[in-house]
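Work through the exercises below with the coordinates open. Try each task before you read its solution.

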Amino acid sequence: MSEHTGVLVHCEVADGKLASIAAELLGAGSRLAAELGQELSAVVIGSDIGGAAKEAIACGAGKVYAVDDAALKDYATEPYLAVMEKVIGQAQPSIILLGQTAAGRDLAPWLAFRLDTGATMDCMALEIDTATKRLLMTRPVYGGNAQAVQSCETDPQIASVRVKAMTPPERDDSRQGEVIDIAAEVDTASFKTKVLERKIEATTGIKLEDARVVVAGGRGIGSADGFKQLEELAGLLHGAVGATRPPCDAKFISDTRQIGITGKIVSPDLYLAVALSGASQHVSGFFSSKVIVAINKDPDANIFKVAHYGIVADWKAALPAFTARLKEVAG
Ligand SMILES: Cc1cc2nc3c(=O)[nH]c(=O)nc-3n(C[C@H](O)[C@H](O)[C@H](O)COP(=O)(O)OP(=O)(O)OC[C@H]3O[C@@H](n4cnc5c(N)ncnc54)[C@H](O)[C@@H]3O)c2cc1C
């Protein structure tokens, strides 16, 4: 019988606050811990993280391992890995959840190797197998064309979870929990890498990853001017504009807007796919969107296999009419 028990969530911190992915993971972790009848705990690593540790309790963690050290201000593999190993050694969790973020993508496989277990990356759904009480982890495979359900026979079971795949819990600031301070004891001189400079991506309006509506354009948009029409529509819907790779390569739009396997992953309430074919490398970046609407002049385009609603039309006719109608409705 394994001595591992409970769910441990790696909570990332952004600007001194709990990152939105951390709240989403705590939401999922609470559900899993409740199903197992075990405890949910969190690990918060960084500099000046007292507020974030309290937020983790408000989001459901019964226990928070807080590792507060100026040397941990920026994510770096070696110190974070060392600190995570220390916390895991103390907490002995059965399940560890991390975000499918730059840090989580790096940490999860390292941890799996060090702890002699497995890591399942980019999970979109997590369930407990009622018979075995093991974690069932659903992840996209074959560039998003299929989904695989995996389980891990060894503890701890490690999963990195896609941003926006889980629902954050109702925050309750009156919740009580225990904060356990862990000394980082990291030797900065031994770090093989150090952060020299941090460049924040300049964005105006809603961030693509946070947008509840994404209007995405493909090669068929044909020009930077075409994308301005998409921007107008996205503005009316309080959303953001995304793109496939070809218009980014053609500089019709910034490559920070690319969605897909080598771009950003989004999961909005509405994904409006305009003049794009639905290549698997693109689809894997948005297929967990709640409602997908496609406009394409080719009735056989692959995007119609993915979309909930489809309009077979030239976007140059369909989109302005839709935008005009929306303006009328909006007032
Ligand atoms: C390793 C690798 C990684 C990749 N990563 C990504 C990635 O992250 N993201 C990504 O997007 N791609 C990625 N790609 C590229 C991907 O394979 C496709 O080539 C790309 O997604 C196609 O973009 P598209 O749908 O805009 O263009 P196309 O496939 O050329 O489709 C254009 C569509 O527009 C329609 N159309 C044209 N004119 C109009 C009109 N006037 N009105 C209505 N419809 C019209 C056409 O019918 C067609 O369906 C990657 C490729 C590789 C090999």
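Predicted model: local features only at pLDDT ≥ 70, side-chain atom pairs only at ≥ 80, totals over all residues.

Residues are numbered from 1 along each chain as its sequence is written, and side-chain values use heavy atoms, without hydrogens or water.

**Exercise 1.** Describe the shell around the ligand and the contacts of its nitrogen atoms.

Solution. 
1. Count the shell, taking residues with a heavy atom within 4 Å of the ligand. It holds 24 residues; the closest are Arg219, Thr244, Thr262, Ser277 and Asn296.
2. Sort them by class. The shell has 8 nonpolar, 11 polar (Gly counts here) and 5 charged residues.
3. Look for helices (DSSP runs of H or I, at least four residues). Helix 6 (245-249) and helix 7 (280-283) each give the shell at least two residues.
4. List polar contacts (N or O pairs within 3.5 Å). A ligand nitrogen lies 3.0 Å from a side-chain N or O atom of aspartate 314. For polar backbone atoms, the distance from a ligand nitrogen is 3.0 Å at tryptophan 315 and 3.2 Å at lysine 297.

**Exercise 2.** Find the salt bridge of aspartate 74 and say what it links.

Solution. 
1. Search the whole structure for a Lys or Arg side-chain nitrogen within 4 Å of an Asp or Glu carboxyl oxygen. There are 19 salt bridges.
2. Pick the pair. Aspartate 74 meets arginine 198, N to O at 3.0 Å.
3. Aspartate 74 is in the loop between strand 5 (63-68) and helix 3 (77-91), and arginine 198 in the loop between strand 12 (178-181) and strand 13 (213-217), so the bridge ties together parts 124 residues apart in sequence. Strands here are DSSP runs of E, at least two residues.

Terms used. Near = heavy atom within 4 Å. Polar contact = N/O pair within 3.5 Å; in protein donor to acceptor, adjacent residues only side chain to side chain.
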